[in-house]
Amino acid sequence: MNAEYAQLTNKISFSMPMWLVGKKMNEGYVAVSAAKNHFSIHFSDEEFLNHLSEGLPNCKKGKRCINIKYGDEKSLYAVEESISDFLKIYRTEGNSSL
């Protein structure tokens, strides 16, 4: 994330790495957390996440996150590709309205 999106502000919040679109969490964020059988990519926008989860049948959706099983490279790649779409929405609108 730091290499690809150097313009984002990174911080640790709720014991997980987080990248802020603006200066505060309510201006948009992407975060990562790990569990025993999966890891999660968190987005600040529930509507964006709902739209994203429709194309990821192998993943479960949590509250503002997509849970990806370890080894599921296809889903990981799809989520990685969606990060730039998420950032475009927040940069142009300040918040999402999909």
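A residue counts as buried when its relative accessible area is under 20%, and as exposed when that area is over 50%. The structure discussed here is a predicted model.

Q: Is Ser82 buried or exposed?
A: Ser82 is found in helix H2. The cut-off for a buried residue is under 20% relative accessible area. Ser82 has a relative accessible area of 6%, so Ser82 is buried.

Q: Which backbone oxygen does the side chain of Ser82 reach?
A: Leaving aside neighbours within four places in sequence, Ser82 is in contact with Phe43, Phe48 and Leu52. Its side chain also reaches a backbone oxygen, at 2.6 Å. That oxygen belongs to Val79.

Q: Which element gives the largest share of the largest nonpolar core?
A: This core has 22 residues, and Phe43, Ile66, Ile68, Val79 and Phe86 touch the most other members. The elements that give two or more residues to the core are strand S4 (38–43), helix H1 (46–54), strand S6 (65–69) and helix H2 (73–93). The largest share is seven residues, and it comes from H2.

Q: Which residues does Val79 touch, not counting residues up to four places away in sequence?
A: Val79 is among the residues that touch the most other members of the largest core. With residues up to four places away in sequence left out, the residues touched by Val79 are Ile41, Phe43, Leu52, Leu56, Ile66 and Ile68.

Q: What kind of aromatic pair do Phe43 and Phe48 form?
A: Phe43 has 0% relative accessibility and counts as buried, and Phe48, at 5%, counts as buried too. Their rings are 5.1 Å apart, centre to centre, with 55° between the planes. Planes under 30 degrees apart count as stacked and over 60 as edge-to-face, so an angle between these limits has the remaining label. The pair is tilted.

Q: Which residues form one aromatic cluster?
A: By the ring-pair rule, the count comes to four aromatic pairs. One of them joins Phe43 and Phe48. The residues of the cluster are Phe43, Phe48 and Phe86.

Q: Which strands stand at the edges of the sheet?
A: Six strands form an open sheet in the order S1-S2-S3-S4-S6-S5, with antiparallel pairing. An edge strand has a single partner strand, so one side is left without a neighbour in the sheet. The strands at the edges are S1 and S5.

Q: How many bridges join S2 to S3?
A: Strands of a sheet pair through backbone hydrogen bonds. S2 and S3 run antiparallel, and Leu20 has Tyr29 in S3 as its bridge partner. The number of bridges that join S2 to S3 is three.

Q: Which residue takes a positive phi in the hairpin of S1 and S2?
A: S1 and S2 run antiparallel and are joined by five bridges. Ile12 stands opposite Pro17 in S2. The hairpin has two residues between the strands, and the positive phi, near 55°, is taken by Phe14.

Q: Is Lys23 buried or exposed?
A: Lys23 lies in the loop between strand S2 (16–20) and strand S3 (29–34). The cut-off for an exposed residue is over 50% relative accessible area. Lys23 has a relative accessible area of 71%, so Lys23 is exposed.

Notes. Residues are numbered from 1 along each chain as its sequence is written. This is a predicted model: local features need pLDDT of at least 70, side-chain atom pairs count only at pLDDT 80 or more; totals for chains, interfaces and linings use all residues. Side-chain values use heavy atoms; hydrogens and water are left out. A nonpolar core is a set of buried Ala, Val, Leu, Ile, Met, Phe, Trp, Tyr and Cys residues joined through side-chain atoms within 4.5 Å. Buried means under 20% relative accessible area, exposed over 50%, partly exposed in between (1.4 Å probe, protein chains only). Helices (H or I, at least four residues) and strands (E, at least two) are DSSP runs, numbered from the N terminus. Contact means heavy atoms within 4.5 Å. Rings of Phe, Tyr and Trp (its six-membered ring) pair if their centres lie within 6.5 Å; planes under 30 degrees apart count as stacked, over 60 as edge-to-face and the rest as tilted. A polar contact is a pair of N or O atoms within 3.5 Å; within protein, one must be able to donate a hydrogen and the other to accept it, and residues adjacent in sequence count only if both atoms are side-chain atoms. Two strands pair if DSSP finds at least two bridges between them.
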